Amino acid sequence: MARQPGSTTEDDITNEVVARFAATPDPRLRQIMLSLIRHLHAFVKEVELTEAEWFSAIEILTRAGHLSDDKRQEFILFSDTLGVSMVVDLINHRKPDGATESTVFGPFHRLNAPEMPYGGNIAHLDKTGTPALIAGRVLDLDGRPIVGALLDVWQAQTSGLYDSQDPNLAAMHMRGKFRSDAEGRYLVRTVRPVHYPIPSDGPVGAMLRATGRHPWRPAHIHFVVSAEGYEPVTTHIFDSADEYLASDAVFAVKQSLICDFERHEAAEGAALRLGIAPPYYTARFDFCLKPASGAATVLDAQQRLAALGAG
Ligand code: BEZ
Ligand code: FE
C-alpha cells in the first residue's frame with residue numbers, strides 16, 4: 001500500500017524504498033537490492049548519521065572515484081581494508097578440498113605481463129633486492145602434474161612499489177607469465193619479497209590514520225594459476241619470516257599460503273645453472289587446482305573492465 005503523503009516516518013521510508021524495488025524482474029538483483037536497502041537504512045538509523053557525516057561520506061566516495069583509473073583502484077582498496085574482499089573470497093571458496101587456497105586479487109594486477117621461460121627473471125631491473133628462486137609444481141587434486149598450466153606472477157619491487165605506482169619503473173617490471181613443464185614444474189627467478197604499505201595518500205589512507213590502523217602488507221608474491229579444465233586460483237605466497245603476517249592491512253593471510261624462504265651462502269642446483277651469485281633465497285610452493293566449475297573469476301571481471309577502457 002502506498003504511504004500517506006505527509007506521514008513519513010523513518011520506517012515508512014525504508015518500507016517504501018523496499019516496495020519500489022520489490023518488482024525487480026531479476027530475482028538475484030531483487031534479493032541484493034532489498035538486502036542492501038534494509039542494511040544501509042538500518043546502519044544510518046543505528047549510528048544516527050548527521051548531515052555533515054553524510055556529506056563527508058559523499059566527498060570520500062567522490063575522491064575515491066577521482067583517484068581511480070587504470071593504475072589506481074581506490075574502491076578495491078576500500079573493499080580490501082574493510083575486509084569485504086576477504087569475506088567475498090571466503091564465501092566463494094568454502095570447501096577445504098585440498099586445492100590451493102585463494103586470497104585477495106588486490107589492485108595491482110595488469111593484463112598482458114610478458115611470457116617468460118622456465119627460470120625467467122621478473123626482477124632483472126631490481127638492483128637492491130636479494131635474489132630468490134621460487135620453485136614448485138602445479139598439481140591436480142590427486143597429486144598428478146598439470147602440464148602447461150599458466151602462472152601469472154606479480155610482485156612489488158624492493159622499494160615497495162609496483163611498476164604502476166612509480167613513473168621511473170619500466171612497465172611490466174616484476175611481472176611475468178610462466179608455464180608448468182612436462183612434470184608440472186615451474187621456476188620463477190625474482191628477489192625476496194618485502195613488506196610494503198598500501199597506497200595511503202587517498203581516502204583509504206585517511207581512514208587508516210583516523211582509526212589508528214597501519215597500512216602494511218606482509219611480504220608476498222601474487223599468483224593467478226590457471227589451466228584448461230581447472231578452476232583458476234588467485235593467491236599469494238607469503239614469507240613466513242615477515243613481521244606483518246598477523247596484521248596484514250587487507251586481512252589476506254591464510255596459514256596454508258605461508259612459505260619459508262631459505263637462505264643460501266653458496267650457489268648450487270638451479271641457482272648455479274642460472275648464474276645467481278650468493279647469497280640468495282629459495283622457496284618451494286606447489287599449487288593444486290580443482291576441476292573447473294564454470295564459476296566467474298576476478299580475471300573475468302578485470303577483462304570486462306579492460307574492455308571498458310579501464311583495465
Ligand atoms: C597487493 O598486494 O598488491 C594489495 C592488495 C590489496 C590492497 C593493496 C595492495
Ligand atoms: Fe601485493
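**Terms and basis**

Buried means under 20% relative accessible area, exposed over 50%, and partly exposed in between, with a 1.4 Å probe and protein chains only. This is a predicted model, in which local features need pLDDT of at least 70, side-chain atom pairs count only at pLDDT 80 or more, and totals for chains, interfaces and linings use all residues. Residues are numbered from 1 along each chain as its sequence is written, ligands are numbered from 1 in the order in which they are written, and side-chain values use heavy atoms, without hydrogens and water.

**Overall build**

The protein has 311 residues, of which 41% count as buried. Its C-alpha atoms fill a box of roughly 80 × 40 × 35 Å along the principal axes. Among contacts (heavy atoms within 4.5 Å) between residues at least 6 apart in sequence, 71% join residues at least 24 apart.

Y196 lies in strand β5 (residues 196-197) and H220 in strand β7 (residues 220-226), so the pair ties together parts 24 residues apart in sequence. Strands (E, at least two residues) and helices (H or I, at least four) are DSSP runs, numbered from the N terminus. Both Y196 and H220 are buried.

**Residue F43**

F43 lies in helix α2 (residues 27-47). With 45% relative accessibility, F43 counts as partly exposed.
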